[in-house]
Amino acid sequence: MPSPAPPFPARSHDFAPYAPCPNWIAGAWTPAASGETLPVYNPRHAEVMGHVALSGAADVARAVAAAKAAFPAWRDTPLKERVQVLFRLKALMERDLDELAWLVSHENGKVLPEAKGDVLKGIECLEFGLSLENMAQGEQLDVSRGINCSTTHEPLGVCAGVVPFNFPVMVPLWMLPQALAAGNTFVLKPSEVVPYGALKLASLLQEAGLPDGVFNTVNGSQPAVEALVDHPDVKAMAFVGSTKVAKLLYARGAALGKRMLCLGGAKNHLLVVPDADPELTATTVVASAYGCAGQRCMAASLMIAVGEIQPIIDQIASITRKLKLGEDMGPVISSAAVDRIHRYIDGAEQLGAKVLVDGRRVAAPGGKGWWVGPTILDHVRPEMPAGCEEIFGPVLSIIRARSVDEAIAIENASPYGNAASIFTSSGAVARHCIERFQAGMCGVNVGVPVPREPFGFGGWNDSLFGQGDLTGYDGFRFWTRPRKLTSRWSLSKDATWMS
Ligand code: NAD
């Protein structure tokens with residue numbers, strides 16, 4: 001019986017060290033073949049909380065071999081039995097909700113309610129995978145006398161996922177429920193910055209009764225990802241992370257004939273027009289911009305103020321100034337992120353933007369950690385880096401526009417296409433915008449238009465490379481291939497059908 005992950009003891013933000021994070025291969029904790037590790041930091045304390053295996057091609061080969069060996073038996077297990085493991089995983093995640101939330105908070109920096117949100121949203125994704133036992137039947141039709149055509153959804157084999165740092169539990173669960181319920185086996189490459197959420201998931205999946213080798217993790221960085229995408233036994237890969245890597249990986253996998261779905265970065269536009277409800281708009285924009293310290297691919301990073309909406313901007317600034325660091329908003333992920341975010345704010349200021357709320361010189365709660373306070377840049381122009389590039393931090397850029405169509409043109413010029421929202425009390429204005437936005441996930445008076453299950457998650461343009469959404473039923477389609485069967489079972493000699 002393999003040993004489970006040791007419980008994470010912390011129940012407060014006080015610094016807590018944690019056990020080393022090895023790979024999980026064939027139901028056993030396994031160090032990297034090279035013995036190398038990377039430090040894992042707690043960003044609130046800027047202190048090393050543990051070490052993660054730094055894997056290479058040999059480790060990837062072991063994990064893929066384990067997944068390949070486990071595939072035939074898992075594929076032959078009926079779907080209704082496969083999802084029972086996921087039902088038990090849900091119960092175990094609910095049992096360990098506090099532990100999981102504190103773990104996410106410590107490795108990622110989210111404040112506790114946000115960390116809990118990461119886990120709960122992961123559980124919601126799991127619920128979709130569970131429901132596949134009632135949804136994933138094939139189709140069949142008698143197309144002629146005695147001739148039946150049917151489609152079944154077959155697993156692909158060994159599948160792989162590569163995930164980012166900002167949702168250590170939820171994003172793996174965008175992939176695993178559909179992939180495993182479909183009968184695939186899986187190798188996950190967690191973010192090397194936040195590997196512990198996946199470590200805990202592996203342990204819970206084992207406790208839930210998942211057979212050894214069906215789910216494996218290989219920790220590490222670029223070399224592990226490249227070995228995984230290049231491995232001939234990996235049939236499909238999903239990636240979530242920055243656009244630069246999504247694009248590279250999509251091209252690399254597709255050139256090898258693999259099924260790839262790669263979700264990238266974002267620059268999400270919120271349009272606010274004068275008839276918007278001031279209270280609702282101000283609170284919603286602030287929650288969207290600064291939730292998870294702005295480190296969400298669905299964060300409102302850019303607001304386009306259409307016409308005269310100064311009172312709403314004043315209200316946004318006033319709420320923003322009241323946010324308490326450490327309680328309402330956590331740190332950012334690294335000192336490099338602090339430097340990058342400062343560079344965007346400095347650069348915008350030098351190019352003429354007004355720093356309405358300045359998060360650059362803030363007192364760090366507890367005197368340490370990687371903090372940037374919530375920041376508002378007003379009078380940003382679309383061509384400034386803060387106006388068109390992903391900052392991935394607690395910075396709201398405001399661009400002023402004279403008309404709704406000018407605002408839509410600014411949104412349309414962005415290479416990204418994850419999310420866009422319109423704040424208005426006019427149905428006609430809302431419809432005009434939604435029909436024209438270049439974004440896969442749109443909102444009306446909603447700051448973070450993440451579709452909840454069963455609706456799929458996925459952007460357009462440079463925010464997604466591949467076909468379809470990653471979650472919802474599209475996810476099941478991605479991790480399966482349709483088998484079409486035509487059968488003749490008839491005693492009559494009808495030759496009218498294509499013979
Ligand atoms: P990242 O692209 O740096 O890393 C993501 C994963 O790719 C990690 O596991 C990392 O080890 C690996 N990786 C990094 N560089 C690589 C390379 N050159 N080759 C192969 N693999 C590589 O992203 P991050 O900093 O962890 O996460 C933040 C980014 O993720 C933001 O751009 C954010 O918008 C994006 N994101 C997008 C979505 C979405 O649904 N579209 C969701 C969450 C996060």
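Student: Where does proline 454 lie?
Tutor: Proline 454 lies in the loop between β18 (441-444) and β19 (464-465). Strands here are DSSP E runs of at least two residues, helices are H or I runs of at least four, and both are numbered from the N terminus. This is a predicted model, where local features need pLDDT of at least 70 and side-chain atom pairs count only at pLDDT 80 or more, while totals for chains, interfaces and linings use all residues. Residues are numbered from 1 along each chain as its sequence is written, and side-chain values use heavy atoms, with hydrogens and water left out.

Student: Is the peptide bond from glutamate 453 to proline 454 cis or trans?
Tutor: That bond is cis, with omega near 10°. Most peptide bonds are trans.

Student: OK, what about alanine 46? What is its phi?
Tutor: Alanine 46 has a positive phi of about 50°, although it is not a glycine. Most residues other than glycine have a negative phi.

Student: And where is alanine 46 in the chain?
Tutor: In the loop between β3 (37-42) and β4 (47-53).

Student: Which atoms pair up with an oxygen atom of the ligand?
Tutor: A backbone N or O atom of phenylalanine 165 lies 3.1 Å from a ligand oxygen. For lysine 189, a side-chain N or O atom is 2.8 Å from an oxygen atom of the ligand. The limit for a polar contact is N or O atoms within 3.5 Å.

Student: What about a nitrogen atom of the ligand?
Tutor: One is 3.4 Å from an N or O atom in the side chain of glutamine 222.

Student: How much of the ligand does the protein bury?
Tutor: Taken alone, the ligand exposes 840 Å², and the protein buries 87% of that, by the Shrake-Rupley method with a 1.4 Å probe.

Note on methods
Polar contact = N/O pair within 3.5 Å; in protein donor to acceptor, adjacent residues only side chain to side chain.
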